[in-house]
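This report describes a protein model through its strands, its helix pairing and its surface. Please view the sequence and the coordinates together.

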Amino acid sequence: VAVAIAMKMNPKLRVIRIQEGSFLDADNVAMIAEMARANDYQVWMERVDMSGKIGVVIEDGMVVAVDGEPVPPPETAA
């Protein structure tokens, strides 16, 4: 219900931000994903995943992995 309300409150933005998404079970995450697909929205969800295979890993302020794949460090200016 909260996602549907958020979509109606600002239909021009097309982004929904969900804090503490770790509290949602797989069925609710799937429902939110389907609502987002059907209504052309992006969902930015905060979740905890200790596997390191999902999401973006940031260490010391730098992105070091995306979906479990290492990201090379940026080249430094000479």
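The sections below cover confidence, strand pairing, a salt bridge and a surface patch.

## Basis and confidence

The model is predicted: local features need pLDDT of at least 70 and side-chain atom pairs count only at pLDDT 80 or more, while totals for chains, interfaces and linings use all residues. Residues are numbered from 1 along each chain as its sequence is written, and side-chain values use heavy atoms, with hydrogens and water left out.

Mean pLDDT (the predictor's confidence in each residue, from 0 to 100) is 88 for the protein, and 95% of its residues reach 70 or more. Helices (H or I, at least four residues) and strands (E, at least two) are DSSP runs, numbered from the N terminus.

## Parallel pair and crossover

Strands β1 (residues 15-18) and β2 (residues 42-45) pair in the parallel sense over four bridges; pairing requires that DSSP finds at least two bridges between two strands. Val-15 has Gln-42 of β2 as its bridge partner. Between β1 and β2 the chain passes through helix α2 (residues 26-39), making a right-handed β-α-β crossover. Right-handed here means that, with the strands pointing away from the viewer, the path from the first strand over the helix to the second runs clockwise.

## Antiparallel sheet

An open sheet is formed by three strands in the order β3-β4-β5, with antiparallel pairing. Because β3 and β5 stand at the edges with a single partner strand each, one side of each has no neighbour in the sheet. Two bridges join β4 to β5, and Ala-65 stands opposite Pro-70 in β5.

Arg-37 and Glu-34 form a salt bridge at 3.0 Å, N to O. Both lie in helix α2, three residues apart, about one turn of the helix.

Arg-37 counts as exposed because its relative accessibility is 60%, and Glu-34, at 44%, counts as partly exposed. The classes are buried under 20% relative accessible area, exposed over 50% and partly exposed in between (1.4 Å probe, protein chains only).

## Nonpolar patch

Val-56, Ile-58, Val-63, Val-66 and Val-71 make up a nonpolar surface patch with about 390 Å² of accessible area together. Areas come from the Shrake-Rupley method with a 1.4 Å probe, and for residues only the protein chains shown count as cover. Patches are made of residues with over 30% relative accessible area and no salt bridge: like charges are joined within 9 Å, nonpolar side chains (Val, Leu, Ile, Met, Phe, Trp, Tyr) within 5 Å.

β3 (56-59) and β4 (62-66) each supply at least two residues of the patch. Val-71 lies in the segment after β5 (69-70), and at 32% relative accessibility Val-71 counts as partly exposed.

Note on methods
Salt bridge = Lys/Arg side-chain N within 4 Å of Asp/Glu carboxyl O.
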